[in-house]
Amino acid sequence: MNEPLILQERSDWQIAEGQALVRVHAAALNHRDVWIQKGQYAGLKYPIIPGSDGAGVVMEIGGTESATARSWIGKEVIINPALNWGDQASHQDQKEFRILGLPDDGTFAEYVRVPVGSLVEKPAHLSFEEAAALPLAGVTAYRALFTRARLKMGGGSAGEKILITGIGGGVALFALQYAVAAGARVYVTSGSDEKIDKAIALGALGGVNYKNANWVESLRTLAGSFDVTVDGAAGEGMGDLLDLASPGGRLVFYGATRGNPSGLVARRIFWKQLDVLGSTMGSPEDFRSMITFVREHAIRPIVDKIFPFEEGEAALRWMDDARQFGKIVIKVR
């Protein structure tokens, strides 16, 4: 706990029936990795190889004569980090679900063992670094927008109006890219005017700085109210998001980095008939649909900075300092 990453040689890469051995070309960071390092995550165990996001080449398939399984050997793949989702598309198995990188060793390594079912072929238009940036944040944004909020496709005045908070982080940026590709009218918030300008360059129609005292009214003047809100902060700002929602609006919360709100006015929810939705990661079908969407719309993940493999600790500190706009990637080979 609170120890820096270290490079260590290992040779125990035996794989079991139904597992694939993937030679990792690139891995990407999530805040989860920083929280695990600091001991601020559930189910901790050490030592652990962190990393939920990765892309590489399949080297070996364990103990199977299945031609379908063995056909993966030599393919360039993206790894779905959501393990043991379960049988229900509506939610993950509350006991068996886990995320690659804890308790299973993750992608900050030259090789990683994953279930064959976690492999999805890498879209040809993505580099390994771009592909590695996609999995956890990409599927979280996809499920939040399309599975949970049921975002309607359509451009121009028919496009739904969406608010994405905390632009600059991985999930928020993917939500922006997906929503723009779907024809939505997107607005953002951030604590940085520079990040808002970058979001506008990516297709957002505008944004406000939530550090300003009157940000809610500024946003209302700018955009009115919102059909869909995507938020990963929660905290005291949840009440403001309810106020900004249109009647019949949908609000999706995929995290709570600002903690729990001290109080919410229930009338805001029932009087406007709002849907307040929770979302975590995504099902295998969400992941496959997300990859198809990325391929069809030629979406390229926003990569903030690429670190060499031996500078993994520097990459974690870069994330910890909240410097990034987009994903932080480790180039393994």
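Colleague: Where is Glu 160 placed?

Modeller: Glu 160 sits in the loop between α4 and β8 (161-164), where helices (H or I, at least four residues) and strands (E, at least two) are DSSP runs numbered from the N terminus. Please keep in mind that this is a predicted model, in which local features need pLDDT of at least 70 and side-chain atom pairs count only at pLDDT 80 or more, while totals for chains, interfaces and linings use all residues. Residues are numbered from 1 along each chain as its sequence is written, and side-chain values use heavy atoms, with hydrogens and water left out.

Colleague: Is Glu 160 buried or exposed?

Modeller: Glu 160 counts as buried because its relative accessibility is 7%; buried means under 20% relative accessible area, exposed over 50%, and partly exposed in between (1.4 Å probe, protein chains only).

Colleague: And which side chain does the side chain of Glu 160 join in a polar contact?

Modeller: That of Arg 250, at 2.9 Å; a polar contact is a pair of N or O atoms within 3.5 Å, where within protein one must be able to donate a hydrogen and the other to accept it, and residues adjacent in sequence count only if both atoms are side-chain atoms.

Colleague: What about aromatics, how many pairs does the structure hold?

Modeller: There are 9 aromatic pairs, where rings of Phe, Tyr and Trp (its six-membered ring) pair if their centres lie within 6.5 Å, and planes under 30 degrees apart count as stacked, over 60 as edge-to-face and the rest as tilted. One of them is Tyr 142 with Phe 293, which is edge-to-face at 6.0 Å centre to centre, with 65 degrees between the planes.

Colleague: Which helices do Tyr 142 and Phe 293 lie in?

Modeller: Tyr 142 lies in α4 (residues 135-148) and Phe 293 in α10 (residues 284-296), so the pair ties together parts that are 151 residues apart in sequence. Tyr 142 is buried at 12% relative accessibility, and Phe 293 is buried with a relative accessible area of 7%.

Colleague: Which residues form the aromatic cluster?

Modeller: Tyr 142, Phe 146, Phe 174, Tyr 178 and Phe 293 form one aromatic cluster.
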